Amino acid sequence: MSVGENLIRRVPEPFRSFALKHRELVKFAVVGGTCFVIDTVIFLGLKTTVLATHPVTAKIIATLIATIVSYILNREWSFRTRGGRERPHEAALFFLVSGIGVALNSVPLWVSRYVLLLDHNHLSPFGVQVADFISAQIVGTLLAMAFRWWAFKRFVFPDPNARPRLVKD
């Protein structure tokens with residue numbers, strides 16, 4: 001029995017049935033949560049140190065690093081039975097879709113800072129941190145996640161049974 005199966009057996013109903021029925025989505029969400037933490041730590045670290053005056057650049061760098069981790073985890077775990085493309089083509093599509101995701105992820109922060117003017121000239125330092133976190137880490141991440149879920153299944157990993165399932169998960 002796999003680690004995933006062990007964990008799912010401990011989940012109470014009706015959540016267990018949902019997790020089993022939508023296992024790809026649950027795995028995608030776990031990978032997304034992991035990459036969210038990676039992205040957040042790097043974003044906040046850069047934004048409060050070397051890129052303090054360039055929050056959008058900090059967000060793009062953090063998202064790119066999290067995207068590389070996301071490709072590895074999604075390919076080898078979330079969508080491990082899906083495929084249908086040769087690996088270089090699959091990787092190129094993944095990073096193209098993710099590049100669009102980076103742009104979608106950054107747009108709410110850009111709007112917050114440069115359209116709504118939620119910056120140091122108009123807010124307290126704490127207010128700026130809250131506005132940046134909500135726009136970049138909450139709104140941007142949700143927007144990009146919804147797009148990536150759809151695009152990964154549609155374009156990157158289109159065939160649901162391209163690779164054999166080695167261990168039941």
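Modeller: Starting at the N terminus, the elements run α-α-α-α-α-α. This is a predicted model, where local features need pLDDT of at least 70, side-chain atom pairs count only at pLDDT 80 or more, and totals for chains, interfaces and linings use all residues. Residues are numbered from 1 along each chain as its sequence is written, and side-chain values use heavy atoms, with hydrogens and water left out.

Colleague: What does the C-alpha trace span along its principal axes?

Modeller: About 55 × 40 × 25 Å. The chain has 169 residues, and 38% of them count as buried, meaning under 20% relative accessible area with a 1.4 Å probe, protein chains only.

Colleague: And what share of the contacts with a separation of 6 or more comes from residues 24 or more positions apart?

Modeller: That's 76%. Contact here means heavy atoms within 4.5 Å.

Colleague: Let's do α3. How many residues does α3 have, and how far does α3 reach?

Modeller: α3 has 25 residues and reaches 35 Å from first C-alpha to last, close to the 36 Å expected at 1.5 Å a residue. The expected span is 1.5 Å times one less than the number of residues.

Colleague: Which residues of α3 are buried?

Modeller: R23, E24, K27, F28, V31, C35, D39, T40, F43, L46 and K47.

Colleague: What covers those buried residues?

Modeller: The cover includes α2 (15–21), α4, α5 (87–115) and α6 (125–156).

Colleague: At what angle do α3 and α4 pack?

Modeller: Helix α3 (residues 23–47) and helix α4 (residues 55–78) pack at about 150°, with axes 8 Å apart. That makes α3 roughly antiparallel to α4, since angles over 145 degrees get that label. Axes are lines fitted to C-alpha atoms, over the stretch in contact for helices, and angles run from 0 to 180 degrees between N-to-C directions.

Colleague: How do the residues of that contact divide by class?

Modeller: Into 17 nonpolar, five polar and five charged. Ala, Val, Leu, Ile, Met, Phe, Trp, Tyr, Cys and Pro count as nonpolar, Asp, Glu, Lys and Arg as charged, and the others, Gly among them, as polar.

Colleague: What about α3 and α6, at what angle do they pack?

Modeller: About 145°, with their axes 11 Å apart. On the α3 side, the contact residues include F28, F36, D39 and F43, and on the α6 side they include F133, M145, W149 and F152. The classes are ten nonpolar, four polar and six charged residues.

Colleague: And α5 with α6, at what angle?

Modeller: About 155°, with axes 8 Å apart, and they are therefore roughly antiparallel to each other. Their contact divides into 19 nonpolar, seven polar and four charged residues.

Colleague: Changing topic, where is F79?

Modeller: F79 sits in the loop between α4 and α5.

Colleague: Is F79 buried or exposed?

Modeller: F79 is buried, with a relative accessible area of 0%.

Colleague: Which residues is F79 in contact with, leaving aside neighbours within four places in sequence?

Modeller: E24, F28, N74, W149, F152, K153, F157 and R163. E24 and F28 are also among the buried residues of α3.

Colleague: What separates the C-alpha atoms of F79 and F157?

Modeller: They are separated by 7.1 Å, with the two residues 78 apart along the chain.

Conventions:
Helices (H or I, at least four residues) and strands (E, at least two) are DSSP runs, numbered from the N terminus. Angles under 35 degrees count as roughly parallel, over 145 as roughly antiparallel, 65 to 115 as roughly perpendicular and the rest as oblique. Buried means under 20% relative accessible area, exposed over 50%, partly exposed in between (1.4 Å probe, protein chains only).
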